[in-house]
Each structure stands twice: as structure tokens, then as C-alpha cells.
Amino acid sequence: MPDLLGSPDSGRGDREVGVRGAGRGVKESLTASLPLPSATPALLAPHPLPHAPLLLCQRVSKWYGPVIGVNQVTLELRSGITGLVGANGAGKSTLLRLITGCLRPDLGHIQVHGHDAWSTAARRHVGYCPETDAFYEEMSGRQFVESMARLCGYPRREARKRTEAALERVGMAGRAERCLRGYSKGMRQRIKLAQALLHDPELLVLDEPLSGIDPVGRCEFLHLFRDLAARGKCLLISSHELEELEKLTDHIAIMAHGRIAAVGTVAQIRDRLDHHPLRIRIDVKRGPQHTQGPEQRRLAAALLKLRDVVGVELLDPPPDESVGPVVVRARNPQRFFQELTRLVLEEWYEIARLETLDDSTEAVLGYLLRGRSA
Amino acid sequence: MGESRSQAAAPELLHYRPWRGAFRPPAASVWPIARVALMSLFQKRMFWIIYVLGLLIFLLFFFGQYLLSWAQTQAGETEVQMGGWGRMNPRHLIQLFRGLLKLDGGAQTYYNFFSYQGYMVMIVLALAGSILIGNDLRFGSLPFYLSKPLARWHYLLGKGLAVAVFINLMTTLPALLLYVQWGLLESWDYFYERFDLLVGILGYGIVLTVTLTLLLLATASWLRRTVPLVMMWTTLFFFCRLLASALVDGLQFSPLWKLIDLWNDVSLIGGLCLNVQWSERRLGYQPPWGDAALVLGGVSLLCLIYLVRRIRAVEIVK
Amino acid sequence: MGPITANDNQAMIALRHLSHWYGPFQALRDVSFQLAPGRIGLLGPNGAGKSTLLKILLGLLPPSSGGGRVLGHALGEDSAALRRAIGYMPEADALIPGLRGAEYVALAGELYGMPRREAQRRAHEVLTYLELEEARYRRLEEYSTGMKQRLKLAQALVHDPPVLLLDEPTSGLDPAGRDAMLRLLLTLGREHGKAMLLSTHLLGDVERVCDTVLILHQGQLLLQGGVAELCRRRHDRYRLQIQGEATAFCEELRLEGVRILHDNGRGELRVAVPPNWVTRAFFALADNHHVLLRGIQPDDEDLEELFHRVLNEEGRHGRESESGGGA
């Protein structure tokens, strides 16, 4: 993939290109991998306009009795991976259920591929991996997935073929014979994912797919998600494990109190948080002749003169390294980094480390939800 | 990064304080387990409804005894006209009532009381089983208990104690009250003359407690949920009973078949403790008490073995 | 390292040739290690034997062979005294429905053998410390996931044990809750001298809290040691974060002899530089190609890479020995 996503706008552009380019191509690759039954509506359905988003939520609200679960949410997805993050009880699962047509919005409407999400037509395009794990415990993993395939409407032989393919993808083909009751949490997650992949949907809605999986399995899952995204699928993944999500995507939607607080790439959202200047750590190498750190002080003084710098802090150097760390707080990151480059080149600093401390998803989430300092 | 965060968290007003003190031996944890189990039972409204129903039976016996003995003191020597039946002495009439209703402070009174109350106890136990034990296995509270410095059997003892307290609260305790009441109503000599009845009441209580407790613990840890548990108990005590009486009384099978009716076995041993005098006819259809004791002992032992295995098994699988 | 338990110079856990079988299945194979008191992370894929090891350390399972000592208590001898010295936070919810928070923690204290009043007093104290002050009188059914986790920690802390065994303490927590929990654990370890053994799937937890790591795989101990020492230092590797059109920049880097190891397509590069490289060159190149350089970090091995490296090495090793045996 080309390096387009570094700048805020190119990220969005790339996603759209993905859809346009994939309009036919996806289906071809899809037919190649899994033979579709003739009745699959993906082929029969009228092609949506190339510009229409795959998923469109418009001013969606949902109440549970007097409790509001989702409060006027608007969201548009085209392709690629989007992370859905937020605190427990923020309404993530409710939103995902609305999108998958498990719940019907009280206000607003949701369209998947141009169909109302509540309709069966829309569900043919959506694969859902729910958060709760409730299975028929006495079935084996293979039986469970196969009966799900039968419920999708595939004839027996086709269902079996698809079951095998899905189990293969999630790495369960060799061990799906056992009774579901004896499965570990990670195996349950894999089975849930397998049943979501059965009908090769374009939109995959995954609610906490990474919880309870060991590090090896997690690696495999991330690989699988990337692979699915590369094949033009659109993935909406809610997760608490932000480090893992960061490895997958930087496009996130943050939910809080039933509302979408922000959508975009992490960098985009971070740049919008004007009240929290970026904290940047710079380790400057000491010159060999100095035992103390005048380089560190020289850099700090130079940084203070920059327009966007709000504050500079000198840290104690780590014991075994000959560097002097400085933490800068700066507004307008774009301009700051430009000026830093100029500074480094003109004044001959040797930088051992340049690291933004609070542009991770976790930090952004913290700032956005509570304004707390990480 | 972690460094700076922990420092940020440090200025808290309330610091963690160490605790130093002597620990008590593991046996001391039996009562807390029982107390908590009983507490969660007493919180249920269902429990109180059934307890009040059970109390009604007790009140029936209590006031029955009281009224009859009061009527006896009130009744004069004059005979009363009994409709078309002829005249009768009220004292004899009251004696007749007492004999019919078995409210005569004899072994049969307590035996009857235990059997009626026993039905209520069974219903409540079936409902309470999941609260007392089933929930621990269902919600994974077992690691909570077993990770503490107590052995498996401390846990079982604690839970057993809760069930036992509860059973005795409904059976032995009211029976003892009836015993005391009769002594106070009639004469103090009753306590000396019929001391065997006190022993009998306690004996019946022990048999009932041990059997039902073990059976409840075992079935509840097996089935966990209330509804299957109620079905299981209905099968054990209601259908087995029907089957036994159909086989023995109806089809004239050997009275040994009555042994499958656990409730009948408990009654037999209880009756033996109270030294109830059976009629010849009834005795003919009953298995010998030795066999009944053997069955009860066997069932209790099986339950105990199952429990010990079960409590360990869950812990390994998790 | 902060003040530590009374038996300072003694090992907290010392195991010798410990094995455990469930029937024909061997869950632990000849595990031996010695650990000084500290914050230890226990890592391993599912089925590696982590839970079995925890059960054995708690004295709940007798080891099939081998033995060891935990805080000076021999395994399998006085398990009650052993468990009294340990606070165990189970992975499952392990709550008793119908109880209130304070009652639950007090019950735990009583089960550990504290006198009733002491247990109740201490329950309130610990709950306040864990920021559950307002929730003390609420019923356990009403607790949220984050509160439940802290409650389970409270019941493990109530008798002030020198050692905590924590099984997945952050599972199900949202980012803020997880951050708070890890901070609590770190404070308990650093400032109050609690030794802890943390079993988890989240490598980030171990990275933040622990100083020592144990890696189990298929019942075998693959690795044990300090996190900082085990991770390889790689002086020639850097991670760069750039913003802007990077193709030309990357080309130029290659010409300078820099190998681009990985490009995640979202502006992050992992590179290996030739000897005597100065980082100023990155800035110069970026400036030439109108690319914004937003980050340079020495790319030392992190725990995750370490974990996968160790597991891969083991896998290769295992296959080789297998094929050797077949031939």
C-alpha cells in the first residue's frame, strides 16, 4: 500500500478509492475463493451507487425503556478497518447491534448497502460476531458453524464446504470436533468469527473479538483482519485493547455516553484537541567531551524560543545512556515538527529519540472523555 | 511512562495500611460460610412465604393441643345431646377427638408433625438448593472459597450447617416447642415420664437433617439451577413414593420395594426413634427398619462421595 | 526495588522439577525456577499450564512429581498456612449474589482467619483504598465490570498478604479501567512492597507492571528473567514516524544504505541503519523530500517480539528434535 495515510485527508481518500476500485474486483475475488450459491443476493441486488457508503447511520437513537443507549449517532463507513472504542457502557454494543439489525432504532435509520439494516436483505451483507458467547453447548464447533450455514440458506453440500473454509480461516479446522462446552475463551471467539465469515459478507461487525485470546491467537487474528480488509471488506471492530487496535488501523470512532465523540484517524482527532498541547520527548545525545548535559540545556533553550512551544521540561538522564531527555509541550504539531527539523539541521543536534507521548489512541481517548493528563 | 503515572497516583489521601494480627484456625471459617448462606436465603421473599405456611402447620398443632386441653378443663360432668347419636360425656368426646387427631402428646403426635412439616421442608429445600450451593458452582464462586486457607470439607461443613440450621428451624425446633407446651399444659411429670419422646424428637431431627442435607448438597451441586432441582426432588420424593406404593400396596410386591421411597425410609427410622406403635396391618406392608437404615446410610454415603469429588473436580477443570 | 517481605533473602517461589499430569495429559513438564520477591509476569498461550501452575502454587493441587517452596512453605505440606500468605484474585467473577460489597470482602477476611470485627473494619479500609467507597453498600449484582475487578482485588488484599496471585486482572476492563487497575498494582508493588505474580494474555500489562517475566509453553518453562535484560537491544534499528508522501524519501534512504524492514502503510517505518549513522541524516532527508519527521525511536525488542521470538525458537527446536527422533 502506498504511504498515503500519513496526512489526514489522504486516509479518507484511500478508503473511498478502495470501494470504487473494488466494486467489481471484490466480487470476483470472492467468487474465486468461495463458490456462491445462485441465490446469493449479493449478485442479484442492484449495485449501489459507487459513492454510496457501505454503511450509513443517520441520526440513530435507541432507548431501553427510560435508558438511552445510543443518542443521535451518525456514522458512515466505506471500506477498510474502523475501530470503535469507548468506555464500558458507552453504547458500543448497542450501536453494533443496531447496525447488524438485531435491534431496531427508535429514531433515525441505518442503511447497509442501500438496504434498511432491519431488513433481511441487509443482513446478507453483514457478518456479526457478538460479544456474548451463548452457544448450544452440546454441539461441536463444526456442527454449530454448519447449522449456522444452513440457517444462512445454503444447501447441505454448500454449507459443509463453507463451514470448512470458514473454520480453516480462523484456524479451527483441525480441532472443531470437540463439544463447545469444553472450549477455551479463545476457541469460542474463533468459532464466533467463523460463523460471521460464512456468507462472505462485505461488512463485518466484530464486538470485542480480541478479548480472551492468547498472544499467539491475537497475532493470527490481526493477520486475518488485515487480510480481509485487503480484500475490500469493511470491518467495524470494537475493542478495549487499544494497542492491538493501533496495529490494525488508525481510523477510529470514539463513543461516549451513547454518542460518537469523534471519528477519524487518531492523528486527526489528536490534532483537534487544542486544549492539550502535544507532549513530545526528545533525547539529545551528549557530546563526548561533556559529562553533564549542556546539550540538553542548549536544546531546551532553543526549543523555548519556538512559537508553538508551551513548556519545556528537563528529565533526568537514564542511568546507562549518554542522552539528555527533554519533554516539550507544543501546539500546532505540523509547524512544530517543521521547526524542529530546521533546528536540528541548523544547530547540529544528534537526536537519539523523538517520541510523541500522548498521541496514542489511549491518550486521545483519555483526553476526550475526561480531559485527564496521561 | 509507568513511572510517572504511579507517581501521579501517589498523593492519595488514604494510604494503604498494613494489617498485622493473629489468624484463627481454618475451622473458624465454617460458621461464616453458613451465616452468609443463610443470609442469602433469608433475603428471599419466597422463603418467608413458605416458612409462614410451614408455621401454619405448627400453629394448628399448637392451638389444637391448647384448645382441647382448655376445653377439657371447661367441660362439666353433664352429658350433652349429640344429635341422633345419643348422649355423651364431653370429657370422653374430647378424649375421642384427641385420639382421632393424635393430639395426645404421644409419639404419634410428633411423628405426624414431622411428616407434615417434612413436606414443607422438602419444598423449601428444593427451592433453596440453588441459592445455597448451586449458585457457587454456577457463578464460579467456588475458587473464592477454596483459595482461602480452608479445606474442601470446611466448605461442605459450612454449607451443610446452613441447610441443617434451616431444616431444624422448621422441624425439630417446633416439635420441641410442642413437647414443652404439652408438659406445661398437662403436668411436669410428663417431662420425666416421657423423656424418651425428647430423645426421639432429637433422633428424628438428626436423621432428617443428615439425610436431607447431604441429598440437597449433592443434587444442588449437580443440577445447580432451581427448576431442574425442583424436578429432581419431585421425582425423588413424589414419584418414587407413588411407584413404591403402587408396587407394594397395589401389585403386592415384596415390601422391600418400599425402600426406594426415601421419604418413607426416613419416616420409618424416625418412627423407630420415637418408638411409634404401628398397627399390625400397616407393619405388614413395610420393609424392616434395618434395611431402611441401610438404604439411607448408603444414599448419604454416595452423596458425600459425590460431593467430595465434585468440589474438587470443578476446581481442576477451571 | 521497594521494601519487600520479611524473608528478603529467601526466594519467594522456588520450584524444583515440578511436573503435573491430568491423567495421561502432562500439563507441566519439569518446571524449575527460583524467583526473588518482585512483580512477575506469567505469560503463555492457552493451555501452556499457567492455571495449573497457579493452582499448585496455591496449594490446591498436589504436584505429580517434584516440589518446591512458596514463601518458605513447602508445597503440599501446610497448604492452609501457604494460602494465608497469598491473596488470590481469580479470573472468574467469583461473586456471591445477594451480598453487599463490604460484606463480601469481610467474608473473605473471615475465611482467611481474621476475627470478624477486624475483617469488617479492614474490608471498609481496603474498599476505600481501591476507590469503591460509594459502592460498599451496594449489592454485587449492581457492580460494573471495572468495579468487580477491583472488588476481587479487595478480597485478595483484605488480610494484607505479602504475595498476590492475579489471574487476568484486567480482562473485560475498558482502557480507563485497565489503566487504573495497572496503576493500583504498580503502586501496591512499588510502595507497599507486595510481591505479585500476574498471569495474563495482555503483554502490555506485563510491560507496565512487571520487572520479571516467566514464559510457559506446553507445560515447559521457556524463559525466565528480567524484562529489561531479556529484550534484545538493537542499536542499528529505528522506528520512524513520518507524515507526507514518503516514496521518494524511502528511495533516498535506500540509496544511503538504510534497509527498510517494514512499512505499515500509515507512516510508520522500521529501518536498519548502516554503522556510524547519525540520526540527523533522517532529518536532512526528510527536509529534502518535504516529509515531516514526527518520531524517531530506537527499535529495541519489546516484550511482544520477545514472546514471539521465544515461541518461534521453541517451535523450530521442537520440530528439529522431532524429525531427528523420527530419523
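**View 1. The largest nonpolar core.** This core holds 149 residues, of which B:Tyr110, B:Leu217, C:Ala154 and C:Leu165 touch the most other members. A nonpolar core is a set of buried Ala, Val, Leu, Ile, Met, Phe, Trp, Tyr and Cys residues joined through C-beta atoms within 7 Å. Buried means 20 or more other C-beta atoms within 10 Å of the residue's own, exposed means 12 or fewer, and partly exposed is in between; C-beta atoms are placed from the backbone. Helix α5 (residues 107-138) of chain B gives the most to this core, 14 residues. Helices (H or I, at least four residues) and strands (E, at least two) are DSSP runs, numbered from the N terminus. The model is predicted: local features need pLDDT of at least 70, side-chain atom pairs count only at pLDDT 80 or more, and totals for chains, interfaces and linings use all residues. Residues are numbered from 1 along each chain as its sequence is written, while chains are lettered from A and ligands numbered from 1 in the order in which they are written.

**View 2. C:Leu165 and a second core.** Residues up to four places away in sequence aside, C:Leu165 touches C:Leu54, C:Leu57, C:Leu58, C:Ile86, C:Tyr88, C:Met89 and C:Leu197. Contact means C-beta atoms, placed from the backbone, within 7 Å. A second, separate core has 71 residues, including A:Val126, A:Ala149, A:Ala166 and A:Cys234.

**View 3. Helix α3 (residues 101-112) of chain C.** The 12 residues should span 16 Å at 1.5 Å a residue, and the end C-alpha atoms are 17 Å apart, which agrees. The expected span is 1.5 Å times one less than the number of residues. Of the 12 residues in α3(C), 10 are buried, among them C:Tyr104, C:Leu107 and C:Glu110. Their cover includes α2 (30-42) and α6 (142-146) of chain B, together with α2 (79-84), α4 (116-129) and α5 of chain C. Just after the helix, C:Gly113 takes a positive phi of about 110 degrees.

**View 4. The side of chain C that touches chain A.** The contact takes 44 residues from chain C and 38 from chain A. β14(C) gives the largest share of the chain C side, 7 residues. By class, that side has 18 nonpolar, 17 polar and 9 charged residues. Here Ala, Val, Leu, Ile, Met, Phe, Trp, Tyr, Cys and Pro count as nonpolar, Asp, Glu, Lys and Arg as charged, and the others, Gly among them, as polar.

**View 5. C:Ala176 in helix α6 of chain C.** C:Ala176 has 19 C-beta neighbours inside 10 Å, so it counts as partly exposed. Neighbours within four places in sequence aside, C:Ala176 is in contact with A:Ala87 and A:Gly366. Its C-alpha atom is 9.3 Å from that of C:Gly146, 30 residues apart along the chain.

**View 6. An open sheet in chain A.** Four strands run in the order β2-β1-β4-β5, with antiparallel pairing. Two strands pair if DSSP finds at least two bridges between them. β2 (67-77) and β5 (115-116) stand at the edges with a single partner strand each, so one side of each lacks a neighbour in the sheet. Strand β1 (residues 55-64) joins β2(A) through 7 bridges. A:Cys57 stands opposite A:Leu75.

**View 7. Confidence along chain B.** Chain B averages a pLDDT of 83, and 88% of the residues score at least 70. pLDDT is the predictor's confidence in each residue, from 0 to 100. Residues 1-12 stay under 50, with 10 contacts beyond four places in sequence.

Technical notes
Contact = placed C-beta atoms within 7 Å.
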